[in-house]
Amino acid sequence: MKEEMKEEMKEEKIEEKVKAWEKLLESGIKFTIFNQNEESQLYPLRKLFRPSAPNIVKPALQRDFEIGLVYPIDKNIEEIREKCGLDRIPPTAHSIKESLYNKIKIIEEAGIKDELMYDKEKKKFYY
Amino acid sequence: MNYGYFLGCVMPAKMPWAEKATFLVAKHLNLPFDYLKGTLCCIRPGVWKAINPDWWLLLTSQNLALAEKQGVSIVDSCNGCYISHYECLEEIKNNPQKLLMVNNYLEKIGLKIELKVDVKHFLEILYENLDKIKKNIVRPIKIKAIRHLGCHGRKHGEKLPNYFDEIIKSLGIEIIDTPYDRMCCGLLLYLSDPYTSVYRRAGLKLEYIEKSDADCLIFICSGCYDQFDRVVRIYKDEKGIEFKKPIIHLSELLALSFGYKPEDFGMMYYRPISPINLINKVIS
């Protein structure tokens with residue numbers, strides 16, 4: 001009986017999957033340098049810990065650190081903006097880089113980058 | 001004081017038609033309105049406050065300091081950006097130690113907050129100019145619509161929800177009330193519970209709209225739009241369900257009512273649901 005229930009629950013879980021979310025999670029994992037699950041096989045006594053930045057938010061955080069905003073303006077959007085009668089690139093940190101550099105300075109000075117374990121050179125999170 | 005419009009992350013990248021329509025409307029109403037320049041992410045309070053409230057305060061205050069430097073009041077049409085700026089300002093106004101902490105960092109990048117800045121929602125500005133809006137309507141919008149204000153628009157009382165409704169009605173639009181009017185779009189829930197976020201929040205509302213007499217869904221918040229846009233695409237890609245009723249920004253309807261043509265603000269481009277049926281109904 002218990003096994004049947006487990007099977008049912010499994011089926012429900014399968015129905016509940018949102019593929020777009022799983023892709024987002026996968027890309028979050030790709031933004032991670034060290035994999036704790038792999039490491040725990042090499043170092044079984046090492047304690048697993050919960051990183052400050054969850055995998056699901058890493059893609060957005062990474063863009064935030066690199067662009068200053070959550071969404072980039074690519075060539076396709078530039079063209080659409082122009083068709084809408086706007087400047088190709090908005091007057092945000094997308095084009096005014098001083099704002100981005102200032103934000104990065106604050107992120108570093110306040111220890112945010114270190115706490116979230118972000119590697120500026122590799123543009124990835126350690127964990 | 002002049003207004004500095006805060007674009008945020010979603011509007012310039014996902015809804016340029018709303019950005020253009022907003023500026024057309026502001027210009028048409030002769031508002032002292034321009035971009036707040038050099039802005040960054042607001043920064044999302046739902047995420048950052050949960051990680052570390054001081055970081056949220058610090059990073060949000062960079063936008064407030066930019067507005068002070070440019071001598072403008074911040075104007076947000078995204079409820080998330082509005083709440084972030086509004087609550088950050090309230091906190092540093094009421095807590096001198098937090099203001100000191102924020103300024104210690106801001107001084108390192110040549111900025112400072114002297115609490116001269118003001119934060120306004122775009123709906124407040126529109127409502128202050130409601131008589132002017134009514135006088136400028138040359139094309140009443142004779143449609144039925146369901147509206148979605150968003151949770152953060154309700155956080156500080158009924159002022160913004162009432163403004164939203166009043167402005168919509170002033171254009172000639174008939175509002176259809178639904179059981180889901182106060183329901184969250186599910187944007188932040190998407191991070192932890194994607195199924196509920198997609199199929200029990202925004203999806204539920206979109207399904208209801210499809211079955212109703214409404215011609216469209218009217219929104220104002222860019223954060224909510226981000227979620228609706230995502231949910232429309234997930235329904236299409238993962239369930240094979242295509243919604244027909246478009247998701248329309250309030251500024252687009254204002255621009256149309258002032259006599260602007262859909263092509264004046266690129267209404268047809270880059271949309272998850274085509275607004276062609278709505279355009280035909282409004283223009284005819």
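**Note on the predicted two-chain model**

1. The contact between the chains takes in 36 residues from chain A and 37 residues from chain B. On the side of chain A that touches chain B, the elements that give two or more residues are α2 (19-30), α5 (75-83) and α6 (97-109) of chain A. Of these, α6(A) provides the largest share, 7 residues. By class, the side of chain A that touches chain B divides into 21 nonpolar, 6 polar and 9 charged residues.

2. This is a predicted model, and confidence should be kept in mind when reading it. Chain A averages a pLDDT of 90, and 88% of its residues score at least 70. Within chain A, confidence is highest in α5(A), at 98, and lowest in helix α1 (residues 2-15) of chain A, where the mean is 57. Where pLDDT is low, the predicted coordinates should not be read in detail.

3. Across the boundary, 23 residues of domain 1 of chain B are in contact with 29 residues of domain 2 of chain B. On the domain 1 side, α1 (10-14), α2 (16-28) and α5 of chain B each supply at least two residues, and α2(B) gives the most, with 9 residues. The residues on that side of domain 1 of chain B divide into 13 nonpolar, 8 polar and 2 charged.

4. A helix pair in chain B deserves a look: the axes of helix α4 (residues 53-70) of chain B and helix α5 (residues 79-94) of chain B come within 9 Å and cross at roughly 100°. From α4(B), the residues B:L57, B:T60, B:S61, B:N63 and B:L64 meet B:S84, B:H85, B:C88, B:L89, B:E91 and B:I92 in α5(B). By class, this contact of α4(B) with α5(B) has 5 nonpolar, 5 polar and 1 charged residues.

5. A further pair in chain B is formed by helix α10 (residues 194-211) and helix α11 (residues 222-239), whose axes come within 10 Å and cross at roughly 90°. The helices α10(B) and α11(B) are therefore roughly perpendicular to each other. Here B:V198, B:A202, B:G203 and B:L206 in α10(B) meet B:Q227, B:F228, B:V231, B:V232, B:I234 and B:Y235 in α11(B), and the residues of this contact divide into 8 nonpolar, 2 polar and no charged.

6. Chain B also holds an open sheet of 4 strands, in the order β6-β5-β7-β8, with parallel pairing. Its edge strands are β6 (174-175) and β8 (247-249) of chain B, each of which pairs on one side only. Strand β7 (residues 216-219) of chain B pairs with β8(B) in the parallel sense over 3 bridges, and B:F219 stands opposite B:H249 in β8(B). Helix α12 (residues 250-257) of chain B packs on the sheet, where it touches β7 and β8 of chain B, and its direction makes about 70° with that of β8(B).

Definitions and conventions
Residues are numbered from 1 along each chain as its sequence is written. Chains are lettered from A and ligands numbered from 1 in the order in which they are written. This is a predicted model: local features need pLDDT of at least 70, side-chain atom pairs count only at pLDDT 80 or more; totals for chains, interfaces and linings use all residues. Axes are lines fitted to C-alpha atoms, for helices over the stretch in contact, and angles run from 0 to 180 degrees between N-to-C directions. Two residues are in contact if their C-beta atoms, placed from the backbone, lie within 7 Å. Ala, Val, Leu, Ile, Met, Phe, Trp, Tyr, Cys and Pro count as nonpolar, Asp, Glu, Lys and Arg as charged, and the others, Gly among them, as polar. Two strands pair if DSSP finds at least two bridges between them. pLDDT is the predictor's confidence in each residue, from 0 to 100. Angles under 35 degrees count as roughly parallel, over 145 as roughly antiparallel, 65 to 115 as roughly perpendicular and the rest as oblique.
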